[in-house]
Amino acid sequence: MSKSSVVLNSAQIKQKIERIAFEIIENTLEDKTVYLAGIEGNGYLFAERLVEQLNQHSDQEIRLFKVTVNKESPLEDAIALSIESEDLNDASVVLVDDVINSGRTMIHAVRKLLENPLKQLKVATLVNRTHRRFPVQADFVGVHISTTIKDNIVVELDKDEIAYLQ
């Protein structure tokens, strides 16, 4: 696995996370509580990092929960939330994933969240690819990148944080 085409290095990822956190704060100033819905896997890890930044820079209550979606076949399994649906009534929710590729995973997660009467729903992503098969628009983006359909963006959010083109 070659990491020669680096999209974001560790320092840039940290910078993007801090900037996205400030954008979330600016867009939810009136809310006492903000919910971050991390898509299971790297989306949830990215959401955890956003929570750390939000807690450093805001007095809002930040509630993190997990969205479990079968990424390969989202209609085969029920989409699960690690929070009671009623908690989301009239809530400001930010749906978080590391990369938006085709938009398929995100659109199914959005569909599940919209089963609740939300105040607002925003989308945050670290890497936003510019080709879509589904109409998902990210509100908070670390970096936009134009790729071919054959390209793959890999994000590693472990001790050596990096995003690269494969």
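Strand β5 contributes the most to the lining of the largest pocket, giving four residues. The structure is a predicted model, and the volume of this pocket comes to about 380 Å³. Its lining is made up of 16 residues, and those closest to the pocket centre are K71, D97, V99, N101 and T105. Besides β5 (92-100), the elements that give two or more residues to this lining are α3 (104-113) and β8 (153-156). By residue type, the lining of the largest pocket divides into five nonpolar, five polar and six charged residues.

Strand β5 also belongs to the sheet. Six strands make up this open sheet, and their order is β4-β3-β2-β5-β6-β7. The pairing within the sheet is mixed. In general, strands of a sheet pair through backbone hydrogen bonds, in either the parallel or the antiparallel sense. The edges are formed by β4 and β7, each of which pairs on one side only. Strands β2 and β3 are joined by seven bridges and run in the parallel sense. V34 stands opposite I62 of β3.

| Strand | Residues | Note |
|---|---|---|
| β4 | 80-81 | edge strand |
| β7 | 140-145 | edge strand |
| β2 | 33-39 | parallel to β3, seven bridges |
| β3 | 61-68 | parallel to β2, seven bridges |

Turning to aromatic side chains, the structure holds zero aromatic pairs. One ring does have a charge over it: the charged end of K66 sits over the ring of Y44, at 4.8 Å from the ring centre.

Confidence remains to be considered. For the protein chain, the average pLDDT is 86, and 92% of the residues score at least 70. The highest confidence is found in β2, at 97, whereas strand β9 (residues 162-165) has the lowest, with a mean of 70.

How values were computed. Residues are numbered from 1 along each chain as its sequence is written. This is a predicted model: local features need pLDDT of at least 70, side-chain atom pairs count only at pLDDT 80 or more; totals for chains, interfaces and linings use all residues. Side-chain values use heavy atoms; hydrogens and water are left out. Rings of Phe, Tyr and Trp (its six-membered ring) pair if their centres lie within 6.5 Å; planes under 30 degrees apart count as stacked, over 60 as edge-to-face and the rest as tilted. A charge sits over a ring if NZ of Lys or CZ of Arg is within 6 Å of the ring centre and within 35 degrees of the ring normal. On a 1 Å grid over the protein atoms alone, a cavity is a set of points where a 1.4 Å probe fits but cannot get out, and a pocket is an open set with protein on both sides within 12 Å along at least five of seven lines; lining residues have an atom within 4 Å of a point. Grid points are joined across faces, edges and corners, and a volume is the space filled by probe spheres set on the points. Ala, Val, Leu, Ile, Met, Phe, Trp, Tyr, Cys and Pro count as nonpolar, Asp, Glu, Lys and Arg as charged, and the others, Gly among them, as polar. Two strands pair if DSSP finds at least two bridges between them. pLDDT is the predictor's confidence in each residue, from 0 to 100.
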